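Please open the structure in your viewer and keep the selection tool at hand. This tour goes from one selection to the next and says what is there at each stop.

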Amino acid sequence: MSRDDGAVPEDRAPTAALPALTAQLGQNKYVAAGSGTVPAHAVLTVEGHGLAGLTTHASSAEVVVIDCSGSMSWPSTKIAAARKAAAAAIGVLRDGTRFALVEGTDKARVVYPATGRMAVAGPDTRADAARTAHTLVAAGGTAIASWLACARDLLTADGQDHPIRHALLLTDGRNEHDRPDELERVLADCAGKFTCDARGIGDQWAATELREIAGRLHGIADAVEHDSDLEAEFRRMMRKAMDKSLPGIRIRVRLRVGSELAFFKQVFPTELDLTPEGVRTAERTWEFPTGAWGDESRDYHLCVTADPTGDPMGEDMQLASVALVAEGAGDHPAETVVSVPRPVPLLVHWTDDLVLSTRIDPRVARYSGYADLGRAVNAGCDAFEAGHLGTAEEGWGEAVRLAHDLGDEKMLRRLRRLVDVEDAGEGRVRLRDEIAAVDLNSVRVISNHSTQTRRPGAPPRGARPPHEPGPPPAAVPGQRQQGRRRKNAAVPDVECPECGRVSPGTARICARCGNPLPAMNGPAPEHTGRPGQHGQHGRPGRSVPPEQHERAQHEQEPPEPTA
């Protein structure tokens, strides 16, 4: 099991024990051999381990965009919370990070630095920027497209060649003061140039609009349910952004002759169709960019179609191989920075045994359930807004049943503000007499969110998944790794109270959300200072042993899938 201590190694390029990426493919390989093409589904789990140690080599740029339209002045707690949130986010910027603070009204204005370009984060600039944040005034309109265009111009200006570029966006309204279709045009131009996390506050913003912004820019949109929560939320988001240290990972899917790519989607932490973003690098090879990475876990749903004609029955056949291609950090090439796993195979085993072929891999089933949940939530919201209350109740009842089955407590909690739940397992609900716009937005905006869960017999979330060999065959981890697990068995795993990720008992900080973990032998450390540095007693995280990985022939084509 990898360790998520959150400590940063010495300021040097990794040498012997490299940080590592892992990849595990979950599927039911048994497929009914019918006539014509049939789909094969799999969920790919990719995790980063020990990447926090690369932050000293990471080159990042951040733009904080705060809605300062007139509506932010009422109630006054909104603009007050926004000032504190902006200052809090700036306060956790890593030294050397380029950054700017943007005031958003019916136009965008760079309020820090005064030069209108990017500042370099350090003790003095962070303090100056925080003071500027506390002077923000709410007056004007809402032109979100202009705000995003300003962030793009800052992050891509001459000399700003930082590989990790990110923006935080806060709004309490809709994009009302831009030209028609301007937001779509700007999003198309911004896509691939930076990522953006977006938050809505109050009850006048549009959940679909905010989710579209975050989705197109590979971020996460959510509601801030209480003004008093905003400061902590911005601090958490910026810590997560500062944990990104590997500029990029591309997922390479190579198909055998006769197989076709149906789709490739991110399904955790949010659903995001990456199929249109795939780059065809060879006749049967696709690469999908996934952006910057830290110590985190993401899941992807891969679907490949195949025709059983000519294939033998009762044998494992490889439809495709899936490989990870990592980018370097700073001046360090990828092969000196991170180890990657061997390509993993997507298999098919044609059979006429209905018992085998009708089984669904638990992870595939889980994310299919989340797709149904999102549709039910949105159907209920659409019906409610159209005045079809019976249909809304039916849709939200189905959403409650699915959220209950999936164990999604966050979604259930928000749905309970729309309906009184009589039986969650059966989906029996009654519409509440009064439903606030903020509660409607808070449910709709997370309709594409998902959660991971521990599968029966699987390692805890955050644990290193067992190595799954791909072509050429890789050795299964041996006794040395098992001995290490036995040695650490006395320290029980600990679950993050904020996001639910399970980490080793030696971890002090959650690698997913950056919050302190309940300590097994004492109180959790205070999360202060620069992100990735958790007090003078922090210890370097343990990397995945290099014998389980090959040191990235990062740009070399994986072996050809065999028929």
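Begin by selecting Asp 382 and Arg 444, whose side chains form a salt bridge with the closest N and O atoms 2.9 Å apart. Asp 382 lies in helix α9 (residues 362-385) and Arg 444 in helix α12 (residues 437-444), so this pair ties together parts of the chain that are 62 residues apart in sequence. Keep in mind throughout that you are looking at a predicted model.

As background, side chains of opposite charge can pair when their charged atoms come close.

Next, select Lys 410 and Asp 222, where a second salt bridge can be found, with a distance of 2.7 Å from N to O. This pair links distant parts of the chain, since Lys 410 belongs to helix α11 (residues 409-415) and Asp 222 to strand β10 (residues 221-224), 188 residues apart. Lys 410 is partly exposed at 33% relative accessibility, while Asp 222 is buried at 6%. Now extend the selection to Glu 225, Arg 413, Arg 414, Arg 417 and Asp 439, which are linked together with Asp 222 and Lys 410 in a network of salt bridges. How many salt bridges does a search of the whole structure find? The search finds 35 of them.

Move on to strand β19 (residues 419-423) and strand β20 (residues 428-431), which run antiparallel and are joined by four bridges. Here Asp 423 stands opposite Arg 428 in β20. The hairpin of these two strands has four residues between them, and Gly 427 takes a positive phi near 75° in it. Select also Arg 430 and Glu 422, which form a salt bridge whose closest N and O atoms are 2.8 Å apart. Both partners are partly exposed, Arg 430 at 42% relative accessibility and Glu 422 with a relative accessible area of 48%.

For the next stop, select helix α3 (residues 144-155) and helix α4 (residues 182-190), which pack with their axes 9 Å apart and at an angle of about 20°. Because angles under 35 degrees count as roughly parallel, α3 and α4 are described in that way, and their crossing is left-handed. To see where they meet, show the side chains of Ala 145, Leu 148, Ala 149 and Arg 152 in α3, which are in contact with a group in α4 that includes Leu 183, Val 186 and Leu 187.

Finally, select the open sheet of six strands, which has the order β2-β18-β17-β11-β15-β14 and mixed pairing. Which strands stand at its edges? They are β2 (30-32) and β14 (279-282), each of which has a single partner strand, so that one side of each is left without a neighbour in the sheet. If you look from strand to strand, neighbouring strands of this sheet are turned by 30° against each other on average, with direction ignored.

Key
Residues numbered from 1 in each chain as written. Predicted model: local features only at pLDDT ≥ 70, side-chain atom pairs only at ≥ 80, totals over all residues. Heavy atoms only, no water. Pairing = 2+ DSSP bridges. Salt bridge = Lys/Arg side-chain N within 4 Å of Asp/Glu carboxyl O. Buried < 20%, exposed > 50% of the residue type's maximum accessible area, 1.4 Å probe, protein only. Axes fitted to C-alpha atoms, helices over the stretch in contact; angles between N-to-C directions. Parallel < 35°, antiparallel > 145°, perpendicular 65-115°, else oblique. Left-handed = near helix turned anticlockwise from the far one by under 90°. Contact = heavy atoms within 4.5 Å.
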